[in-house]
Amino acid sequence: MNWEKVKASDVNQYEDWAYRQNDKYLNLSAFGDFDGDGKQDHAYLSKNIKEGKWGVFLELSSLGGKTRIVESGEISSLPRMFLQTKPPGNYPTLSCIHGSAPSANCGASITLENDSFEVICSEASSQTFFVRNGFVSSFYTSD
């Protein structure tokens, strides 16, 4: 495994750093109860220099600290990537990716009963990830 967590020094030389400094919600990680077990979970940005990729890893407390990668992209876009925790609620969607959870209900909007986290690419897209019945799914809120 050549993945390591992204640090401020990995992205602070880029112009989007000013946005991170001014908006506490645009972070390198997000914390919340993503799976509804009452315990805090963690999503965070990592980098793999050897493969030239960034990745978002999800660590669920219910899995004893095991992590899984839920999204990745080219390392060149890393300085533009942000994470944000979102509270339970009803969210409009542009589309829904079911992954391994084909029973997830995705339409014009989706109601989330637990916290979720948003992966934002500055001036580009926004994708919200949520856990339902043990499966990680996502939907786009902007493209």
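**Charged pairs and a hairpin**

I looked up Glu118 first. Glu118 counts as buried, at 9% relative accessibility (buried is under 20% relative accessible area, exposed over 50%, partly exposed in between, with a 1.4 Å probe and protein chains only).

I noted the ground rules. This is a predicted model, where local features need pLDDT of at least 70, side-chain atom pairs count only at pLDDT 80 or more, and totals for chains, interfaces and linings use all residues. Residues are numbered from 1 along each chain as its sequence is written, and side-chain values use heavy atoms, with hydrogens and water left out.

**Entry: the partner of Glu118**

I checked which side chain Glu118 meets. Lys86 and Glu118 form a salt bridge at 4.0 Å, N to O (a side-chain nitrogen of Lys or Arg within 4 Å of a carboxyl oxygen of Asp or Glu). The pair links distant parts of the chain: Lys86 sits in strand 6 (residues 81-86) and Glu118 in strand 10, 32 residues apart. Helices (H or I, at least four residues) and strands (E, at least two) are DSSP runs, numbered from the N terminus. Lys86 is buried too, with a relative accessible area of 8%.

**Entry: strands 10 and 11**

I followed Glu118 into its strand. Strand 10 (residues 116-121) pairs with strand 11 in the antiparallel sense, over four bridges; pairing requires that DSSP finds at least two bridges between the strands. Glu118 stands opposite Thr128 of strand 11. The two strands make a hairpin with four residues between them. In the turn, Glu123 has a positive phi of about 60°. I then checked burial along strand 11 (residues 126-132). Six of its seven residues are buried, so strand 11 is largely enclosed by the rest of the structure.

**Entry: the remaining search**

How many salt bridges does a search of the whole structure find? The search gives four. I looked up two that involve Lys47.

Glu4 meets Lys47 at 4.0 Å, N to O. Glu4 lies in strand 1 (residues 4-5) and Lys47 in strand 3 (residues 41-48), so this pair ties together parts 43 residues apart in sequence. Glu4 is partly exposed, at 39% relative accessibility. Lys47 is buried, with a relative accessible area of 10%.

Asp10 also bridges to Lys47, with the closest N and O atoms 2.7 Å apart. Asp10 belongs to helix 1 (residues 8-11) and Lys47 to strand 3, so this pair ties together parts 37 residues apart in sequence. Both Asp10 and Lys47 are buried. Shared partners join Glu4, Asp10 and Lys47 into one salt-bridge network.
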